[in-house]
Amino acid sequence: MAFLWFHHILEQCTGEDAPLPRKARAWVCRKKHTFSAGFTTGPTPWRPRALRLYNDLGAFTILGSRSHPMSVPIELIVNGKSVAVDVEADTLLSSFLREHLRLTGTHVGCDTASCGACTVHVGGRAVKSCNVLVAQLNGLEVTTIEGITPRDGSLHPMQAAFKACHGLQCGFCTAGMIMSAIDLLEHRPHGTEEEIRAGLEGNLCRCTGYHNIVKAVAMAAKTMGS
Amino acid sequence: MSAIAYHRPSSLTEAAELAESDPEARILAGGQSVLPSMKLGLLAPSAFIDLAALGELRAIRADRKTVTIGAMTTHAAVAASPQIIAAIPSLAKLAAGIGDPQVRNRGTIGGSLANSDPAADYPAAVLALNATVRTNRRSLPADGFFKGLFETALAPGELITAVEFPIPGRAAYVKFHQPASRFALVGVFVAQTSAGVRVAVTGAGPCAFRVGALEDALSRRLAPEACEGVSIPAENLNTDIHASAEYRAHLIPVLARRALA
Amino acid sequence: MNAARAPLIGRSVERKEDYRFLTGVGQYTDDIVLPGQSYGCFLRSPHAHARIRSIDTAPARGSPGVLAVYTGEDLTGIGGLPCGWLIKSVDGTPMKEPKHPVLAEGKVRHVGEQVALVVAESIAQAKAAAALIEVDYEVLPAVTDTASAAASGTSVHDSAPDNVCYTWSIGDEAGVAAAFAQAAHVTTLQLVNNRLIPNAIEPRAANAVHSAADDSYTLYVTSQNPHVERLLMTAFVLGIPEHKVRVIAPDVGGGFGSKIYLYAEETALVWASKRVGRPIKWTAERSESFLTDAHGRDHVSTAELALDAEGHFLALRVRTTANMGAYLSTFASCIPTILYATLLAGQYATPHIHCTVQAVFTNTAPVDAYRGAGRPEATYLLERIVERAARELAIDPVELRRRNFIRKFPHATPVGLTYDTGDYDATLNRVLELADVAGYPARKQASAAKGLLRGIGYSCYIEACGLAPSNIAGALGARAGLFEAAEVRVHPTGKVTVFTGSHSHGQGHETTFAQVVADRLGLPLEDVDIQHGDTGKVLFGMGTYGSRSLAVGGSAIVKALDKIVAKGKKITAHLLEASDADVEFEHGEFRIAGTDRKKTFAEIALTAYVPHNYPLDTLEPGLNENAFYDPTNFTYPAGSYVCEVEVDPQTGQVRVDRFSASDDFGNVINPMIVEGQVHGGIAQGIGQALLEGCRYNEDGQLLTGSFTDYAMPRADDMPRLAIELAPGTPCTHNPLGAKGCGEAGAIGSPPAVINAVLDALAPLRVTDIDMPATPHRVWEAIRRHAR
């Protein structure tokens, strides 16, 4: 599932509006007090006031994961090349690509897996690289925007369509948008305009109003299909 | 501080042992809720127990009476499964509307159910279709599985292995989006099952729940018009910046009606 | 390049900058990693308003990997972040300007305010250390509501006990009162212009490094105007010599206003970089962006429109309260005044207008310019009240607008502007065709058959762009000039690099400006490169905002090109032994008039750099020219928008079905890029009208702090757009005849959408709704009137 529903929770479960005392935040931090968000759910250690955390910036911005993660040996294929490294258990694919492999074409635009700027292909399907651990991908194939770009200076048909249709402005969402669009066409090659719009639901663009992006994907559907 | 560990068990037994031995470990199915929670500092597990190697949890099986979906089946796989599309099209359609395409490529049915997000889609289907949640220890009926906000009947260390859906007669799910998150502001699943008409709602309460008033009305007559005049009390429904409890209460019969249209 | 070729100006040339963005090789601030890179994390206030009793940083300092921890106490002798525009109150007193500290000093005044900076070897270590800082807060009551801030009894700043920053007015109050006394009809309207969060998809980021070699600094930062950033930071805050700081704004992933301002984070990083002796990088997490990027809009207004019996506007009276947030951001004070009230005439010949604006401090993030900046607020108010008046008087809303259009230019409005040119009938008539208004009744019927209510809404907007004539701006309180600078550097081989003070963060300047240059010099597009965003390369710049880049920055380039051509003529005259006055320049050739004696541009360039046969006694070698262009007036883009919506009366869901626009931007260089700007602006306008609304609770906690609660328009929220650029009335006072196009969509669209929603809901007797018209809000409005 995608995401927790903080404000609903906040208002549903906090009777009081007083900010969570700092000590309580620290307690939360130290106890790693959380609510159930995985497969195992014991008696939920749910404490309504702890959800104040979300609005309690001092806590949520600075709470990191534990600082000494275990190293995990992994092997994966990135843009056709084998990569064998030890990564920390909590390394996100987006950080791995950007910081370890210096593939900075993949961008990070949010911390809630909402914007899709970090979209890459894993095993041929679009995923948000900010929402996957590298450790989860042992043996899989990862393709980024750098990986779909021809080496001869030309463009992938989707890239070419974005250029021809002016489907990008600032360029920050573009890589993720293109990776999503390629996946969309591979699985729905003859989509209607409505289907294209729905298929790009996971990617935010603040510049284009999506008008020319939709046009570009429709154009690419023709060029890639032919 | 202790190290955050990563485990990739190769059997269900091993996964269960790991989960039981460390209550602060987090199971990773698709990770689509766990990882954002961690990033916001709401979750700091001691270890990840990644179920990716358990291929047997990805099976989809259908016979004349039931569809069984492995816990690690992604939403995208459910949405695209010819067996599910043939047997329970409403379920495939529901899966096709969860989150967004990228989330559907990673998120799993088991992860969604174990998380019991108050606005998740699958819980409505599980309740309305009267599904059975299979775990490594037992079978849990849909009724009683969702206990509250992010709370289920699963015991510590208990893992969902599959969900078994009886094939219904008519069934449909209608979701009204929360405009920002695109989770269900309210989602209503109506199903004609061997146990009678069942109506389940997500997004409106702490967890998914059934609506007796609508089930009664629709048991008398399974038609859109039967939803008219059914009024859902707003008490105990969610109020947040996106919708009041009254609005959610209002939407429930409206969406139920549309499910039948 | 001898034959005349089709001009590049006016053509939808594909963008030169696209390749790097399409292939992932663009370089944004966070992509840059410097040798010895360290990382900064800001500890932020969890409280909207609190006194800081003490801060204990000792545990953080001892945390693994930590290089330094700084709080406000460490920044002694450092100034506050300045506001660039002085507004004076009606009584002549200057606005209240409380210090905007780089790191909190004694008090915090909004959630997310930066309290401490931790620098560490890694971002994870910096965050872990920040969590160990113990801050003892005495929590104080918070002020968050715009309308009641002045009467709240709680002061955000001691120096503004009633939270009023200024009370400003414009127009002839007595004349307005007299006109109202004569009115046959008065329409009144109270409205809120909702608070918005800009949300460029690239979060703000900075990377600062100090060089011990010459005691200089380099700052990479997500900025729309690096020179302004440098000037403000060095001269007003840090006291570092301006020439010792180089500010580079590399590829920037959208701004929409939010990256104009000098922010605390990059300022702190520059200051700390010398002390730490390492480059320090900070990149905002989106949650930080929500809390600390300057927000936009947030007005509460009352408006009254006086009309005569025939529906002519006699006078407009407006009272607005504008939220400044906790501190004055760089341009905050001029947005609800100079860029708002001056636009209240719109496209209409209203003879009398008076507007009073009270600006208030609250315990919320600073509010400043966001795409449109003041002009969307004016347009929304005006176009809502015009449509309400039309309904009250049972006059067709299109006809009422036509009855009041300005048709003679230049036109001096009663609120200080002089429109140089325009043709409002042309854009209105065209948009009615584009929108197929004639077919509307049939569509309404078809919607009704589906149980849906269809509505149509209009909006005729005007904006003042091309900011700005420096002398006028100065008289209005600007503390800066608003010209633009350019350098045209012709290389010996005849290739050209242009350095512009404008900044492109999506606008496509590298293409548009190159089209202008290539056309003027008769060169192929690929022979021209545009450079921007680096104070180390570009001579000066005021940056990009207020739809000014082409009108002002482009004009500066044209001025420099004129100097290049003039010098080229002199060189040609010398080589061909003719008089300067006889040399013509066309299609890349310098030619002696009426002869076939000529020199190509490349030959002249080479001669300038290899001046063997050259008038060295009267002319310098080289071919490189600078220019500064200061506009003589604002430009006035205008247009008409039509929106059609379907409202589901059972759920309150609004769907934009059709959206049509006809815009007059004067001369257009690249229609494809200009249309793209309109598309994006309309999406933000539809976002404001239907989806986006920043909400704080009364404690000052941000309730819409992520993309899961702040609804951004997605692809399936948007209709297909019918956009057409009008042939246009060229701007009369800049050499390109360009007016600017960046903000129009965001300015014109919100009232069109809301007017359409209200038209749809009219049969249910709903007459008012505030933005965003979410399903919940629409349903409540319907229910309220059904009772």
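Mentor: Helices (H or I, at least four residues) and strands (E, at least two) are DSSP runs, numbered from the N terminus. This is a predicted model, where local features need pLDDT of at least 70, side-chain atom pairs count only at pLDDT 80 or more, and totals for chains, interfaces and linings use all residues. Residues are numbered from 1 along each chain as its sequence is written, and chains are lettered from A and ligands numbered from 1 in the order in which they are written.

Trainee: Which strands does helix H14 of chain C lie across?
Mentor: H14(C), residues 549–575, lies across S22, S23 and S24 of chain C. The helix runs at about 130° to S22(C). Axes are lines fitted to C-alpha atoms, for helices over the stretch in contact, and angles run from 0 to 180 degrees between N-to-C directions.

Trainee: And what does H15 of chain C touch?
Mentor: H15(C), residues 601–609, packs on the sheet and touches S23 and S24 of chain C. Its direction makes about 80° with that of S24(C).

Trainee: In what order do the three strands sit?
Mentor: S22-S23-S24 in chain C, an open sheet with antiparallel pairing. Strands pair if DSSP finds at least two bridges between them. S22 (583–586) and S24 (598–600) of chain C are at the edges with a single partner strand each, so one side of each has no neighbour in the sheet.

Trainee: How many bridges link S22(C) and S23(C)?
Mentor: Four, in the antiparallel sense. Phe585(C) stands opposite Phe590(C) in S23(C).

Trainee: Switching to chain A. At what angle do H6 and H9 cross?
Mentor: Roughly 135°, with the axes of H6(A) (157–165) and H9(A) (211–225) coming within 8 Å. That makes H6(A) oblique to H9(A). The cut-offs: under 35 degrees is roughly parallel, over 145 roughly antiparallel, 65 to 115 roughly perpendicular, and the rest oblique.

Trainee: Which residues make that contact?
Mentor: Among them are Ala161(A) and Phe162(A) of H6(A), and Ala216(A) and Met219(A) of H9(A).

Trainee: Last one. Is Cys130(A) buried or exposed?
Mentor: Buried, because Cys130(A) has 28 C-beta neighbours inside 10 Å. Buried takes 20 or more other C-beta atoms within 10 Å of the residue's own, exposed 12 or fewer, partly exposed in between, with C-beta atoms placed from the backbone.

Trainee: Where is Cys130(A), and what does it touch?
Mentor: Cys130(A) is in the loop between S4 (125–128) and S5 (141–143) of chain A. Not counting residues up to four places away in sequence, Cys130(A) touches Leu92(A), Ser94(A), Val108(A), Ala113(A) and Cys118(A).

Technical notes
Two residues are in contact if their C-beta atoms, placed from the backbone, lie within 7 Å.
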